[in-house]
Amino acid sequence: MVVSALLLTARPPSLAMARNLVRFLVLLYWISICQAATIFQPISDSHRYAALEIFRPSNGAFGSLEETYEALRTFNILGIQEKPDISAATCKSVSEVLGSSAVLKDLFHALRVNDVLKCEIKEEIYESITSRLKSVLNDARSLLDFYYSIGSLLLLKEQSSGVDLSINDADGVFHSIKALSQSDGRWRYSSDNSESSIYAAGLALEALAGVVSLASSDIDQNMIGTVKNDIVKLFDSIEKYDNGALYFEEKVVDANEHHGPLATTSSVVRGLTTFTAVTSGSLNLPGNSIFGLAKFFLGIGIPGDAKDLFNQIDSLACLETNRVSIPLILSLPATVLSLTKEDQLKVRVNTVLGSVAPQLTVKIVRAFLSASKGTSIIKGQELKFDPQTGLHVLDVLPNAYDVGNYVFVFEIVLHDSEQKDTYATGGQIQVPIYITGVVKIEKAEIAVLDSDLGSTETKKKLDLVGGSVVSLSANHLQKLRLSFQLATPQGNGFKPHQAFLKLRHESGVEHIFVVEGSGKKFEKILDFLGLVEKFFYLSGRYDIQLTVGDAIMENSFIKAIGHVDLDLPEAPEKAPRPPLRPVDPYTRYGPKAEITHIFRAPEKRPAKELSLAFLGLTFLPSLGFLIGLFRLGVNLKNFPTSTLPATFAILFHLSIGAVILLYTFFWLKLDLFTTLKALGILGVFLVFVGHRTLSHLASTSAKLKSA
């Protein structure tokens, strides 16, 4: 995974990248490990936490009765005790739906919710619903009518004991549903629709199972055998992932009837397990089909959608109790083992919902290095079962084990041979396991060589474990050689995933080289004569840093081993220039220096008494104006007395007061533009009412003069 572009690069400094190079590369390596290895885990507490987070009621209820049932069903399967209390609001909705002439789908979901909450419903309502459902069943022509009506009758059978819910013409209903099937195991939604659907096949199987349960007499076994053959044909169209997971993918063209792989596979699993639960005899499904379906549902992790989470949990619950075969899931608490810590190999076997498995033995069929599949390091080793922890343990790894990437092949052996038909173990299961340890670093040295003779001019030992550094000097006619040896705990040669030598000039320009190795020895020789152009003819101090890292190497490191003072010739005119040093984002976008501002000292002001005296003088003109009005004998004798002119006169005086008030606000807080806008509006109104008022006064004065 060594990047060829890093063989020799010159780039501006990046402090974060320099400090985290090994961590970043190791992270990429672990991502590739996770992608290559799919380890299936049974349902855990993570699913329970997710269910409580995803299924959250609003105002004491969920959005619809369908969503309510999915939430309640998920909580019950996962065994969640501290679930939200929605009984009061939900039972009210259930009662309203059951007591009304609701559509068949809403009636079906209401009965499903009532089956969980056990709401108090009167027996008369059950009788009315039963009569309606039987009428719908007699006239049913579409698959959904059969599915909802039969499913509702089956729910009523569990909720009401005083109503006759048996189907008299069960063979006829069974044949009507079977008539919608296709030769490839798919089903149509109605006889008028030529499109067939895998999702519809799951609904049809559930409906047929309901007919068998509600039949007043036994169903013709030949018809049941035909349906079983249809199921086998349906599994011929099953899809497969590389990790062995099996799923069904819908091929319906009509977007209204299309469902994703999760919903489609979930529908088939519900139909399959429901049908096999009410019929006798075996079902000859190909290979590990049930185990592959369990892999699919466990392999999707924890869905973030409520519908997907319900489909996953409900399907796994169906597989947990199905009559075909119950999958047993082998999982490992840890797939990374440390030789330094003497970790034990531990294996856990549970059902898909995490229940305890029957008595069994876990055997290591073989284990080998992923790079050499032909050589098995261990064969036929049985793990010891610890009843207290429920784990199968390999106490000590054999001495032949060394650090590396291994593939362990496990096999589950049931103690009771009669349970082989009851449980599906998945055959031989391959699991990648990574064994880590401390790699020995020996004979590390750095030397300056004479370019012409190849003789060693300066050689110094390196302590790659401690903190010592070296100081070297060289010119363009010399070479720099770095060498060291890496060995595993067993003394074998070790090739790390990443080994880099970096030289960083004091100006910030960096050069990175890959350190190649053979066996235990790793060596890198830098011929400065051939690198002067790559080094941009920059003389001066170069800091030397060595990076060695691997996912299975517990002592990976990035270490500054010293510096070299390099004397290079002057750069020619047309020589390449070093790249510009980028601006540090921290200095550009980081916090700025605090600005301290010193205000100038305030100027001297007059005394307070003098200011108050001047304020009093400003009121003298106003006082003189009022005295003048009284001396002139101003009065309100000419104020209009009729209604309309008096109204205009009042508005005129109020407008003048408003203008004065506006000036006051302008002095206190308003800006000039806001004041001018308000003054324009007040001015127009003031002119209008003033004109009407003055016109009235002029008219009155003219009449008095003429009289």
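The model is predicted, so local features need pLDDT of at least 70 and side-chain atom pairs count only at pLDDT 80 or more, while totals for chains, interfaces and linings use all residues. Residues are numbered from 1 along each chain as its sequence is written, and side-chain values use heavy atoms, with hydrogens and water left out.

Helix H18 (residues 643–668) packs against helix H19 (residues 672–706) at about 155°, with the axes 8 Å apart. The two helices are therefore roughly antiparallel to each other. Their crossing is left-handed, that is, the near helix is turned anticlockwise from the far one by less than a right angle. The residues of this contact divide into 20 nonpolar, five polar and one charged.

Helix H12 (residues 261–278) has 18 residues and spans 26 Å from its first C-alpha to its last, close to the 26 Å expected at 1.5 Å a residue. Of these 18 residues, 14 are buried (under 20% relative accessible area, with a 1.4 Å probe and protein chains only).

The axes of helix H11 (residues 221–234) and H12 come within 12 Å and cross at roughly 150°, which makes H11 roughly antiparallel to H12. H11 passes H12 in a left-handed crossing. On H11 the contact (heavy atoms within 4.5 Å) is made by Ile224, Val227, Lys228, Ile231 and Leu234; on H12 it is made by Val268, Leu272 and Phe275. These residues divide into seven nonpolar, no polar and one charged, where Ala, Val, Leu, Ile, Met, Phe, Trp, Tyr, Cys and Pro count as nonpolar, Asp, Glu, Lys and Arg as charged, and the others, Gly among them, as polar.

Notes: Helices (H or I, at least four residues) and strands (E, at least two) are DSSP runs, numbered from the N terminus. The expected span of a helix is 1.5 Å times one less than its number of residues. Buried means under 20% relative accessible area, exposed over 50%, partly exposed in between (1.4 Å probe, protein chains only). Axes are lines fitted to C-alpha atoms, for helices over the stretch in contact, and angles run from 0 to 180 degrees between N-to-C directions. Angles under 35 degrees count as roughly parallel, over 145 as roughly antiparallel, 65 to 115 as roughly perpendicular and the rest as oblique.
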